[in-house]
Amino acid sequence: MFFMASFDEINENYSSDLIDDLLDSIKPEEQEQIDYKMKISAKIFAGLKAKGWKSVDLADALHLKSPSLVSKWLSGTHNFTVDTLIDIQRILDIKLLDIELSNEAPTLKVNFTVLVEPASLGEDIYEPLQRVIDEAGGIQPTTVAIVY
Amino acid sequence: MDHFIADHSKDCFQDLLNILGRLKSMGNEVGALEPYFKLDEGLEWDDLVCAFYDIPDKHLRLYCIRISENIVIVGNGGPKNVRTWQEDPKLSREVNEIMHYSKIIRTKLEDGSLRISEDGLKFEGDLMLTR
């Protein structure tokens, strides 16, 4: 028989050298792999819940022989193939893979038309520009592209 | 948990690291989601006794009481090389023990002598376990 004291007394800062030593043995890159597997499973689980599905429904949708494979996917231990992730994200309408090539904001291109009056420009470009205009047979609308 | 580590640190070191890594991930990142466990490992339908999902082909079982997504009581376990834990004396002992503690905890939660804190992260109150 043994007794434990009040949880409030002992629970706050329980620590174990044994556990701490083992945790220190896990390399950061290994922990990152574990975290990713757990998060992928969590995301798939959330995707199932959002559709009101159980494991068997996903197994059916993917024509799997057994829902036990889905249980394995959800366990946080599975090393997924890209093909499997693509199938799952398509069926559940979730995003598991980010394949964007760049993180930069997409370029917005705006085209608009202005009339350029040669007389309003500086002396330096007035003559050459007027010559181009004359050769073209008079003033024409000019397209200016501004890229933000 | 300490017993579990001490008992298997030599023969199942990598498995232990993986289990601890997943426990850390649950604690820091994702919570103790249901599919991370094999549920209904205990003999009573509502005893909350489950097994931490073992790595495929490894079969190192760690039995737990999953109170919620935020509270899991980790017990002991061992390699499971039989179809059911009842066929292995060591696993039977561990599961029976954790079922025993589950009973005490659930009883205390019901009578109010043990409570889950407002933030849902820990127990409050007196917990006396009798073996």
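## Two crossing helices

Let's start where two helices meet: the axes of helix H2 (residues 17-25) of chain A and H2(B) come within 9 Å and cross at roughly 95 degrees. That makes H2(A) roughly perpendicular to H2(B), a label for angles of 65 to 115 degrees. Axes here are lines fitted to C-alpha atoms over the stretch in contact, with angles running from 0 to 180 degrees between N-to-C directions. Helices are DSSP runs of H or I with at least four residues and strands are runs of E with at least two, numbered from the N terminus.

In this crossing, Ile19(A), Leu22(A), Leu23(A) and Ser25(A) meet Leu16(B), Leu17(B), Leu20(B) and Lys24(B).

## About the model

This is a predicted model, in which local features need pLDDT of at least 70 and side-chain atom pairs count only at pLDDT 80 or more, while totals for chains, interfaces and linings use all residues. Residues are numbered from 1 along each chain as its sequence is written, and chains are lettered from A and ligands numbered from 1 in the order in which they are written.

## Where the chains touch

Stepping back, 30 residues of chain B are in contact (C-beta atoms, placed from the backbone, within 7 Å) with 30 residues of chain A. H2(B) gives the most to chain B's side, with ten residues.

## Around Leu62(B)

Now to a residue of chain B. Leaving aside neighbours within four places in sequence, Leu62(B) is in contact with Phe4(B), Ile19(B), Ala51(B), Phe52(B), Val74(B) and Gly77(B).

Key
Two residues are in contact if their C-beta atoms, placed from the backbone, lie within 7 Å. Angles under 35 degrees count as roughly parallel, over 145 as roughly antiparallel, 65 to 115 as roughly perpendicular and the rest as oblique.
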